[in-house]
Structures are given as structure tokens and as C-alpha cells.
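Please keep the sequence and the coordinates at hand while reading.

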Amino acid sequence: MSIEKKSIDLATQEVLKKAQDENIKTAWDRLELQEPQCGFGQLGLCCTVCDMGPCRIDPFGEGAQAGVCGANADTIAARNLARKIAVGASAHSDHGRDVAYTLSLLSEGHAHDYEIMDIEKLKTLAQEFGIDTNKTKEQIAKELSKKLLEEFGKQEGELVFTKRAPKKRQAIWKKLGITPRGIDREVVELLHTTTMGVDNDYKNIINNGMRCALSDGWGGSMVATDVQDIILGAPEPIRGKVNLGVLKENYVNIVVHGHEPVLSEMAVKASQDPELIKLAKAKGAEGINLAGICCTANEVLMRHGVPVAGNFLQQELAIITGAVEVMMVDVQCIMPALQEVAACFHTKLITTNPKARFPGVTHIEFESKKAYEVAKQIIKLGIENFSNRNKERVNIPKYEMDLVAGFTKEVVFQILGGKYRSTYKPLNEAIISGRLRGLAGVVGCNNPKQTHDYFHTTLVKELIKNDVLVLQTGCSAIACAKQGLLIPEAAKEYAGKGLQEICEAVGIPPVLHLGSCVDNSRILTAASHIIEEGGLGEDLSDIPAAGCAPEWMSEKAITIGFYFVASGVYTIFGASPFATLGSKDLTDYLTKGLAETVGGRFEFCDDPIKMAQLMIEHIDKKRKALNLRPRMYQ
Amino acid sequence: MKQLYYDVKKCLGCKSCEIACAVAHSISEELFKAIKEEILSLPRKKIISSKDKNYPVSCRHCKDPKCVDACMAAALVYDKEKGMVLHDESRCVGCWMCVMVCPYGAIRPNIKTRIPIRCDKCKDKDEPSCVKACPTGAIIWQEETAMQPGTVPEGDCPATR
Amino acid sequence: MKQFIIIGNSAAGIATVEAIRQRDKNSKILVFSDEDYPAYCRCLIPYYLAGDIKEDKILYRAESFYRENNIELLLNKKVMRIDPKKNRITCEDKTQFNYDALLIATGASPKFPEGLKGIKKRGVFGFRTIKDTKDICGLLPVTKVACVLGGGLIGLKAAYGLKKRNVEVKVIIKSKQVLSQMLDFETAGFVQRKLEENGIEIILGQDVDEIIGNGDIKAVKLDSGKAFESSLIIVGKGVSPNIDLIKETEIKFNEGILANNLMQTNMPNIYTAGDVCESFDVALGQFSMNALWPVAVEQGKIAGANMSGDNLNYTGSLGMNSIEFFGLPVISLGLYKVKEADTNFEELKFCNTKENLYKKIILKDNFIVGAIFVGDIKNSGVFLRLIRERINISSFKDRLLQESFGYPDIMDFVSKDISYGDGYLNK
């Protein structure tokens with residue numbers, strides 16, 4: 001496949017060419033060797049649950065139509081999907097647990113390098129848990145972290161954050177029996193139902209899956225988001241730079257990659273340590289340049305303006321520029337290939353989390369108790385590695401783009417309203433009046449099966465052209481940022497008239513970066529506030545809004561999709577649909593049946609313009625149902 | 001003339017070749033669309049296991065084809081130039097004489113369409129779809145004259161591309 | 001340069017001339033046919049009657065076949081007599097031709113029950129030739145009820161054809177089951193049910209006593225006394241080999257002309273093949289008639305090869321029938337039925353009446369002598385091979401009825417030199 005077809009991002013194209021010239025294999029090359037990928041797997045018709053198998057169902061009807069235990073295509077596909085939901089939820093929720101635990105350590109004085117940055121949020125959150133806030137912040141933090149950690153171990157009841165959702169939505173969950181009870185419990189129970197000889201009813205499996213997904217969206221992820229804001233500070237709109245061009249030739253380049261900002265925050269701090277900067281200069285560099293990849297990049301971008309080197313598919317490419325001294329990684333989305341790629345250069349790959357090790361790779365374990373020290377240790381390694389850089393092999397593509405990030409619920413609508421206290425009134429009015437046709441969440445990963453960044457940017461451009469305000473997180477946000485969509489100037493160039501007016505009046509881009517993938521929970525909370533503010537229905541499913549993950553690849557994306565659908569949102573997934581096509585009934589249930597129970601449903605689409613059309617159609621339908629005028633400017 | 005050969009040591013019985021074959025002979029030639037077609041395509045080859053080994057069974061395009069002799073409608077003919085047994089669907093009445101005489105059991109009846117299912121070496125493509133699809137390179141697409149007894153030419157294994 | 005004479009222009013005759021031409025491009029070949037039609041697919045006439053195929057698809061070889069292969073085709077020339085001592089044949093029109101080698105492939109003709117009253121009336125047809133079919137088709141517009149006499153392959157296929165043309169069909173069968181020459185009682189039941197489900201009436205255990213009408217048929221009376229109206233009768237009561245032309249010679253015959261393993265008659269330069277000949281049946285272990293299209297072709301190939309100087313051995317014929325009725329496929333190979341009490345034979349059986357699935361293998365001393373498959377007929381070619389090559393199946397006997405049984409189970413036991421081979425490396 002030609003390089004142009006692999007990515008629309010010019011920086012990526014350049015480094016791919018370098019990789020080709022230097023015979024370094026990337027994810028795209030490995031995909032080619034994997035093709036054609038197994039048809040049974042693609043259709044979800046392969047079951048490896050028990051040792052009576054592995055079994056497969058013949059999609060053409062001639063061969064076996066049931067596994068050895070008797071499970072048919074519906075059951076097999078549904079169970080496989082449920083396992084993915086459980087894993088995705090585990091990833092997010094475990095991240096949330098780590099953050100809550102850090103808060104706990106902090107409150108007891110064991111995590112000196114952190115402090116309570118957002119006391120207001122601490123108090124608001126504590127109140128949600130019924131904690132009296134007439135105490136010191138340490139005391140509140142102690143009690144709050146205890147309650148938060150309890151959410152993980154709870155056996156019955158309801159997760160506290162579910163109370164944030166509109167009453168009508170909570171009632172739907174209750175009626176369906178899918179209100180999440182305990183964060184860890186939902187994962188364990190869901191996994192239980194997928195083992196051999198438990199749940200055979202695909203609809204039941206999906207319902208249980210939705211409950212588990214909700215325990216992530218309104219549970220684990222929300223814990224992560226809110227506690228991160230407390231410890232690290234709630235983000236505010238901030239300018240930054242994105243793409244591989246942020247790597248600097250004359251600096252010590254440290255790339256931080258992964259998901260948990262408790263690590264990357266410390267890296268930011270350490271990179272500003274005067275002693276270390278002195279050391280770097282002594283080694284011949286002009287300074288220390290910290291850049292990020294994936295979600296952790298989004299976190300430090302939002303809070304500190306740290307530049308983003310790239311999104312998921314660019315992780316190897318960053319190393320291939322030849323300019324990276326250290327890549328420090330924690331958990332999730334870290335390609336095992338990095339070890340081999342780093343070995344082609346002087347780059348030191350360093351793992352920091354006992355959950356994510358590479359055989360033979362330097363492991364410097366990150367502990368909250370001595371967070372800053374560890375971060376310094378790692379950066380020092382990078383500084384010392386600077387002299388090992390082979391200048392001949394360095395080629396940093398000269399592409400970097402400005403962006404604005406950090407639009408959280410507390411902030412954006414504050415700006416929108418121009419008032420001191422954040423209120424959703426102006427946003428709601430914008431939607432009601434039709435200046436804003438509606439809202440769209442475009443989120444998710446990259447996938448080499450599709451042209452890198454193409455779907456994200458094409459879809460978002462089409463949406464904002466039609467006056468839909470786009471909210472973004474994760475790698476999707478980085479993709480659009482690279483194409484210049486996350487700056488206020490983009491409104492003039494790409495947005496429709498109504499959206500343009502809003503952006504100009506308020507000074508925001510037409511595409512708002514809300515953060516990392518756990519920050520998709522921000523969208524849930526924002527949506528709840530929109531309903532609370534009034535005028536746009538009584539339930540999340542009433543809002544003229546739609547979601548899309550156009551280039552998804554991770555199981556986490558599936559979980560996110562499910563918690564949005566379970567919260568009433570019409571959600572489109574791109575590329576190959578979940579492996580459910582092998583079961584017509586299951587696919588129909590996901591794309592049609594769910595609308596009748598939870599008011600939200602999935603849609604599978606492989607063309608970005610069509611995705612936009614579907615989302616806009618849905619938004620218009622919701623507008624009509626609310627008796628709103630159609631879009632102000634046709 | 002090229003023929004399909006099978007390296008039995010490498011066949012894992014994964015049946016990726018069966019799926020690729022069925023898809024290649026569907027109308028849309030794409031997996032996700034093919035499974036929704038009104039008349040489902042069927043694979044022209046089948047994996048049969050015997051004594052812990054797996055054997056793909058497909059039409060051998062015999063030089064002295066029993067099926068051609070048995071065909072009472074003259075729908076099956078042997079094309080010397082192409083080195084292939086060809087099937088003319090317009091003449092076929094679905095009598096299954098060919099199924100009855102094939103010494104390898106390589107022809108299966110499609111009762112719904114009344115057409116015998118039989119490997120046609122993907123004659124309208126560059127090479128048979130099963131060759132590309134085999135993840136271990138067990139399917140070998142090779143000239144008959146190149147097959148010396150005892151040699152195993154390299155299959156088109158994705159891992160060695 | 002030799003002159004070959006081939007009496008008969010159907011499966012056996014064409015296979016013979018093709019085999020000769022493969023080896024000998026120059027000798028003269030004359031093909032005599034008593035029909036007025038180039039070689040056609042005789043077995044397709046039921047489909048032609050049914051309207052499933054048009055006339056343009058019924059030719060067995062293209063019109064140009066004879067010219068391209070340097071063959072002189074003489075249509076409408078019935079051969080009346082052979083004079084082996086003079087190597088000469090005489091035709092109906094008194095013309096005579098000499099030969100260096102002769103093939104008798106005159107086929108067989110429908111048996112008409114001689115004593116049946118009214119059998120010679122207008123409206124009674126055999127179902128063998130394309131002329132028969134065209135004549136029947138001509139009467140269809142004025143036919144309401146048709147009768148088929150005989151429950152064999154020909155009769156039932158005729159019934160299918162008539163039903164497809166929206167004629168009410170009654171099949172009158174003397175024996176207690178349909179297809180008594182091909183299936184056992186149980187499988188006959190499967191087929192009968194299928195036919196009846198599709199509107200064909202089967203009357204068992206009765207025979208036609210009298211055909212009633214003045215010139216044209218009006219009704220039919222059974223031996224039970226029952227009578228009903230009918231204006232068209234197709235007789236499917238078997239065929240008898242056309243051996244009239246050898247009766248005054250010393251060519252040996254039994255029911256059909258006897259052929260040895262080289263497809264020769266007892267006269268060294270006279271060969272025979274197809275429906276007219278009687279050959280050694282490997283399943284029955286004795287000489288028998290196997291008037292079947294694939295058998296005629298393979299015999300013709302051997303005859304033609306040997307007529308042109310080759311020395312190919314015919315391993316023997318056996319019964320091999322494949323038919324499908326309204327979506328139910330049935331294959332019968334070799335010895336399909338044995339007496340219940342006969343302990344020489346062993347039967348392996350699988351039966352699922354609800355899903356119309358049936359498999360029966362008949363063994364003698366661990367050799368397969370016959371098989372019947374209904375519903376699931378895949379791999380029947382493998383069984384045919386086991387019968388033909390006389391393979392002892394004891395080491396995989398338990399696999400025979402398995403769904404997953406196939407060629408790989410037998411490949412170590414069967415002959416290797418079949419054209420391209422199975423293609424397996426590193427077995």
C-alpha cells in the first residue's frame with residue numbers, strides 16, 4: 001500500500017518513508033503480514049472459551065452451526081463482545097482505582113509530591129458522597145478516597161455517580177436492572193456470565209454488558225477524571241502544539257506514553273527541575289523537551305500545555321525520528337513493538353508500571369510515595385543518553401500544529417455564558433435557537449486498517465460544516481488537532497454560519513478537546529447538566545446529539561460505546577463493525593433493538609461522510625421531537 | 001499448467017481457505033456482504049481430517065476426468081489448453097452424476113442451486129484465493145512440471161512475503 | 001488406412017470415436033444412427049419434456065463435432081445385419097459397408113408389454129428418444145390426465161416431466177415400491193413420499209389390464225378393476241437391448257451382447273459397448289446388464305482404445321444411478337438390496353426419516369458391494385471407488401458412516417495413478 005494511503009498526516013507519511021528506507025517494521029507492515037485476517041474471528045464466530053473447542057460457526061451455513069457445548073452464533077458472538085466490554089471496563093476502572101488510591105496516600109501524607117490542587121472540586125465531590133466538608137482538606141480527602149475506593153468493592157446498591165444522570169435515565173436503568181452496583185463486581189459478574197455454560201441469551205448478555213459498561217462510564221472513568229482534577233488541577237483552555245514536529249533537535253527529548261497522569265505529571269515537573277536542566281545543558285543540549293503520546297499526552301497537554309508528539313499509530317514513528325532519548329510508558333495502548341523499534345536507535349524504553357512489563361526492558365517502578373524521585377531518575381537517564389544520539393539518523397518532520405485544549409464542563413460553559421459561575425444556559429439556548437444544530441462526540445483510537453486520521457478529520461469537518469459542535473477526546477482529538485481543527489481560526493475556515501457565530505463570540509474552536517479517554521465521562525456529566533438546565537428534554541436520549549468512534553481499535557472503545565448507548569446516545573462505530581456480523585440477531589439487537597429499551601443504539605458505518613449524514617439525521621430527528629426549529633442557517 | 005498442492009504438515013485445519021473460497025465465489029466477493037447474500041456461496045474445497053492430520057480436498061482437474069465421462073449433459077468438459085475441467089452452468093441439470101463418480105469426493109452438490117460445487121482454480125483471478133488466505137503457506141500454487149517427487153516448493157506464506 | 005464402423009451415435013458410440021481419434025487421426029470412421037438427430041444427451045429428455053431445458057442444450061456434441069473429427073455421420077440408417085465372416089454390414093436400405101473393426105452400440109429399446117390390450121393405440125409412448133419426447137409434447141395441450149406405466153427411473157422421470165407441464169400424473173407400478181431396480185424398500189419410501197408431496201399419484205402393486213379407447217386412448221383399466229380416464233400413456237417398463245442385428249450370427253449374447261474385459265465380443269474385431277452389451281459386474285460378481293450413461297461412456301472409451309490398437313483393461317461395470325426428485329438427491333451403487341436372511345452380507349445403516357437422510361453400505365467379507373445414499377450424497381464417488389477397486393475396508397469400517405468420512409480416510413489404500421493425483425505433500 002502506498003504511504004499516502006496509510007495516513008493523511010504529512011508528518012506520519014514522512015517518518016513512514018524513513019522507516020521504509022531503514023527497513024524498520026511498523027504496525028502497517030505487521031498488518032500486511034496478518035492479512036487476510038481470519039474470517040471467523042472477524043465475524044465473531046470463533047469461540048475459545050473452553051477446551052472442548054476451539055469452535056467455529058460456518059457463516060455460509062454448510063458446516064457446524066453450534067459449538068461443542070451447543071452455543072450458536074448469537075451466543076458465541078455476544079459472549080465474545082461481553083468479554084471485550086469487561087476488559088475495557090477493567091482498564092478504565094483500574095486506572096480510576098490507581099488514582100483514588102493516590103488520593104488516599106496523599107491524604108495520609110504518603111504522597112508528598114502531590115497536593116490537592118482543586119479544593120472546590122474536592123468539596124463538591126465529597127458532598128456527592130455525603131461527606132461533611134467542614135474539615136481540613138486532608139480529612140475530606142481521606143474520607144472521600146475511602147468512599148471512592150469503596151465504590152470499587154461495593155456489592156450492592158448503586159454507584160454514587162449514577163445519581164448525576166437525569167432521573168428519567170436512572171429510572172430506565174433501574175427498570176432494566178442495569179444500574180451498576182459496584183465497579184469491580186460488574187466486571188467479575190460479566191466475566192462469569194461468559195464462561196462455558198452460563199448465559200445463552202444474547203440479549204441478556206448484552207444487558208449485563210451494558211451494566212458493566214455503565215460501571216466504567218459512571219464509575220471507574222468518572223473516578224479517574226474527577227480525582228485527577230482534584231489532585232492535578234482541573235484543566236482550563238490552554239494552547240499547545242501537536243505532531244511529531246514538537247520533538248526538538250537540540251533538546252533532550254523525553255516522550256511520555258500511556259494513560260495515567262499521576263506519572264506524566266511528575267515527568268512534567270521533573271523536566272522543569274533546574275538541576276536536571278543544568279545537567280542537560282552540560283551534556284550539550286539546549287534543555288529538556290517533554291512530549292506525550294496517547295491519553296497521557298492529552299492529560300499533560302490540558303493541564304500544562306505540554307506538546308503532543310502524536311496519537312496511537314505514531315508511537316513507533318516518534319522513536320523512528322531518531323530524536324527520542326527516553327520513552328517512558330505506563331499502561332494501555334503501548335505496542336510491544338516499541339522494544340524492537342527502540343533497539344534500532346539509542347532510545348531507551350522504560351517501563352514504570354508492574355502491570356506492563358517488557359522482557360529485558362529497563363523497569364523503573366513508579367510509586368506514588370516517591371513519584372518525583374522516580375520521574376527525575378528516568379529523565380536523568382534520558383539526559384545521559386543524549387550523547388548517544390546518532391545525529392545522522394535524526395529526521396524530525398517539520399510539522400506541528402497549534403491547538404487549544406482543556407474544555408471541561410466547569411470551564412467551557414463558563415466561557416460560553418460569559419458569566420462567572422458555569423451555566424449551561426447559553427449552550428442550551430444556542431442549541432434551541434438552532435445556531436448550534438446539535439452536539440457530536442467524536443472519539444476513539446487509530447486503526448491501520450483505515451487511512452490514519454482520515455476518518456476523524458473528514459467526519460469532524462463535515463459535522464462542523466453543518467453547525468454541529470464537536471466534542472473530542474483521545475487520539476481522535478489529536479488527529480483533528482494535527483489538521484488544524486482545534487483552533488478558533490478553524491471556525492472561519494470550516495464551520496457553518498451558526499457555529500461560526502458562537503465560536504467568534506466566545507473565542508472557542510469549533511471542535512472542543514475535552515481530554516483523555518477516561519474524560520469521555522466529562523461528556524456524560526456535561527450532558528446531564530444540559531438536561532438539568534432545561535429546554536432540551538428530560539433524558540440524555542432527548543438531546544440532539546450523537547457519538548462516533550470512527551477509527552476505533554481498543555476494547556476500551558467498545559466499553560465506551562456501550563456506556564454511551566446505555567446512556568441513550570446514538571453511537572456510530574467505524575471500520576469493521578464489532579465482530580458481531582456473524583450473528584444477524586445480535587447485530588440487529590445492537591443496531592435496532594437497543595433503541596427500544598435504552599433509547600440509544602449502535603450503527604456501523606465505513607464511510608466518514610455517511611457517518612456525518614447519519615449523525616446529522618439523528619440530530620435533526622431529536623430536534624424535531626423537541627419541537628425545535630430546524631438549524632438556524634440552512 | 002498450475003495446480004494446487006497441499007503441504008499436509010502445515011495444514012492446521014483452520015479453514016481460512018474455505019472461507020476465502022466461499023467469499024471469492026460470492027457475488028460481492030467481500031466477507032461481510034457475502035454472508036448476507038440471498039443464495040449463500042459455498043467453499044469449493046473442504047478440509048477433511050484423518051488420523052490427526054488435515055487434508056484439503058479440492059477438484060484435481062484430472063487429465064482423464066471421471067466426471068466429464070459421467071456428465072450426461074456434456075456440461076463438464078476437459079480443456080486441454082487450460083489443463084482444467086470446466087463446467088457450463090447453462091447445460092447443467094443437477095443430476096449429480098459427477099458427484100457420484102468423483103474419485104476424491106471433491107464435488108459437492110448445492111441442492112438449492114442445483115449446481116455442483118467444484119474448485120475452478122479461481123480461473124478469473126490471478127491466483128486461487130485460498131493460496132493467499134492460508135496463514136501457514138500450506139497451499140502451494142505450482143506448475144505440475146515443477147513438482148519433483150520429494151520436494152516441497154515454498155508456499156505463499158504471508159510470514160515469508 | 002483402416003475403416004471403423006460404429007453402429008450407434010449416443011454415449012458409447014461417441015466415446016468410442018473420440019478414443020479412436022485420440023490415437024488415430026487418419027483412419028476412416030463411419031457412424032450409423034437409426035435416429036434423425038445428431039448425438040444428443042438422451043438422459044436429458046425428461047428435463048426437455050419438463051421444460052427445464054431448451055432444445056439447443058440437448059446436443060451431446062456440437063454440430064461441427066463430426067466434421068472437426070473427420071467422422072462421417074449417417075443418420076436415419078438402421079443397420080439390419082452383420083456378416084462377421086465378410087466383415088460387412090447391411091442397412092435397411094440395402095446398402096452395404098465393409099469394416100476393419102466394428103463397434104455395436106445399438107443401445108436398447110423400451111419394452112412394451114406385448115399382451116396388453118390396447119397397447120398399440122395412439123397416445124402410448126416409450127420414453128427413449130427425442131422423437132418420443134416431441135410427440136408427447138405435441139399432445140400435452142390436450143392432455144388432462146396422463147399415466148406412466150412402471151416405477152423405474154425412466155417412468156418416474158417421465159412423471160416429473162409431465163407434472164412440470166401441469167398434467168395430472170398417475171404412476172402405475174406392479175411391484176410394491178418405486179425404483180425396485182435401484183433402491184431398497186426403505187429408501188423407495190423416501191422417494192415415494194417426495195413424489196406424492198409434489199402431486200404425483202403413485203399406485204403400487206397394480207398393473208394395467210387394458211387400455212381403452214377408439215384409436216385414441218380414453219381410459220385405463222387396472223387389474224384390480226379400477227379404471228380412470230387418461231389420454232396419454234408413457235411406458236417405462238424397462239428396455240431390452242437391440243440385438244436383432246446379431247441374431248443370425250455367431251456373436252454370443254445372453255440378454256445383451258457379451259463383452260470381455262477388452263470390450264470385445266467373441267469375434268476379435270467386433271466390439272460392443274453401452275446399453276446393448278452385457279459385461280462383468282464387479283459388485284454382483286457376474287455378468288449383468290448395466291444400461292447406464294456413465295457406464296456406456298467408459299465402455300466406449302475402452303472399446304475405442306482397443307479398436308485402435310491399444311490394450312486397455314475394463315475393470316468391470318456396476319450399477320451406478322444418481323437422480324434427484326424435487327430437491328431430494330438419491331444415489332445407488334452396486335448391489336443395493338440383499339435378502340434379509342442372507343448372512344453372507346453385512347449392512348451398515350443410518351436413517352433419519354424426518355430429515356430425509358439415509359445411508360446404507362452393503363458389505364461382503366469386508367468389501368463394499370453396494371451403497372445407497374439419500375439426502376446427503378457427497379463423497380459417494382469415494383464409495384464408488386472402494387467398490388470398484390475392491391478395497392478391504394476393515395481398517396476404517398467405523399468411519400464409513402461418519403459425517404467427516406472422506407477421501408483422506410482411504411487414500412493409503414487406493415490406486416495412485418489417477419491423473420493428477422491428490423496433490424498432498426509431506427503426508
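In S27(C), the bridge partner of B:Asp7 is C:Leu425. Two strands are taken to pair if DSSP finds at least two bridges between them. Helices (H or I, at least four residues) and strands (E, at least two) are DSSP runs, numbered from the N terminus.

The model is a predicted one, in which local features need pLDDT of at least 70 and side-chain atom pairs count only at pLDDT 80 or more, while totals for chains, interfaces and linings use all residues. Residues are numbered from 1 along each chain as its sequence is written, and chains are lettered from A and ligands numbered from 1 in the order in which they are written.

In total, 40 residues of chain B are in contact with 43 residues of chain C, where contact requires that the C-beta atoms of two residues, placed from the backbone, lie within 7 Å. On the side of chain B that touches chain C, the elements giving two or more residues are strand S1 (2-7), strand S2 (46-50), strand S3 (53-57), helix H3 (66-70), helix H4 (97-101) and strand S6 (108-110) of chain B. The most is given by S1(B), with five residues. By class, this side of chain B has 25 nonpolar, seven polar and eight charged residues. Here Ala, Val, Leu, Ile, Met, Phe, Trp, Tyr, Cys and Pro count as nonpolar, Asp, Glu, Lys and Arg as charged, and the others, Gly among them, as polar.

Two pairs of chains touch, and the most contacts are between chains B and C. Chain A and chain C do not touch, and their nearest C-alpha atoms are 11 Å apart. Chain B does meet chain A: 15 residues of chain B are in contact with 11 residues of chain A. The elements that give two or more residues to this side of chain B are helix H1 (16-24), helix H2 (31-34) and helix H5 (129-133) of chain B. H1(B) provides the largest share, four residues. The residues on the side of chain B that touches chain A divide into 11 nonpolar, two polar and two charged.

Within chain B, the domain assignment gives domain 1 (1-58 + 127-156) and domain 2 (59-118); such bounds come from an automatic or database domain assignment. The centres of domain 1 and domain 2 of chain B, taken over C-alpha atoms, are separated by 19 Å. Their contact takes seven residues from domain 1 of chain B and 12 residues from domain 2 of chain B. On the domain 1 side, the residues divide into four nonpolar, two polar and one charged.

Chain C contains nine helices and 27 strands. Its radius of gyration, taken over C-alpha atoms, is 23 Å, close to the 22 Å that the globule rule gives for 427 residues, so chain C is as compact as a globular protein of that length. The globule rule is 2.2 Å times the number of residues to the power 0.38. Along its principal axes the C-alpha trace of chain C spans about 60 × 60 × 40 Å. Of the contacts in chain C with a separation of 6 or more, 64% are between residues 24 or more positions apart. Buried residues make up 47% of the 427 residues in chain C; a residue is buried if 20 or more other C-beta atoms lie within 10 Å of its own, with C-beta atoms placed from the backbone.

Strand S16 (residues 232-235) of chain C has both faces covered: C:Leu232 and C:Ile234 on one side, and C:Ile233 and C:Val235 on the other, are all buried. Two bridges join strand S9 (residues 124-125) of chain C to S16(C) in parallel, with C:Ile233 as the bridge partner of C:Val124. Four bridges join strand S10 (residues 145-149) of chain C to S16(C), also in parallel, and C:Val148 stands opposite C:Ile234.

In chain A, six strands form an open sheet with parallel pairing, in the order S13-S12-S11-S14-S15-S16. Its edge strands, each pairing on one side only, are strand S13 (511-515) and strand S16 (602-604) of chain A.

Note on methods
A residue is buried if 20 or more other C-beta atoms lie within 10 Å of its own, exposed if 12 or fewer, and partly exposed in between; C-beta atoms are placed from the backbone.
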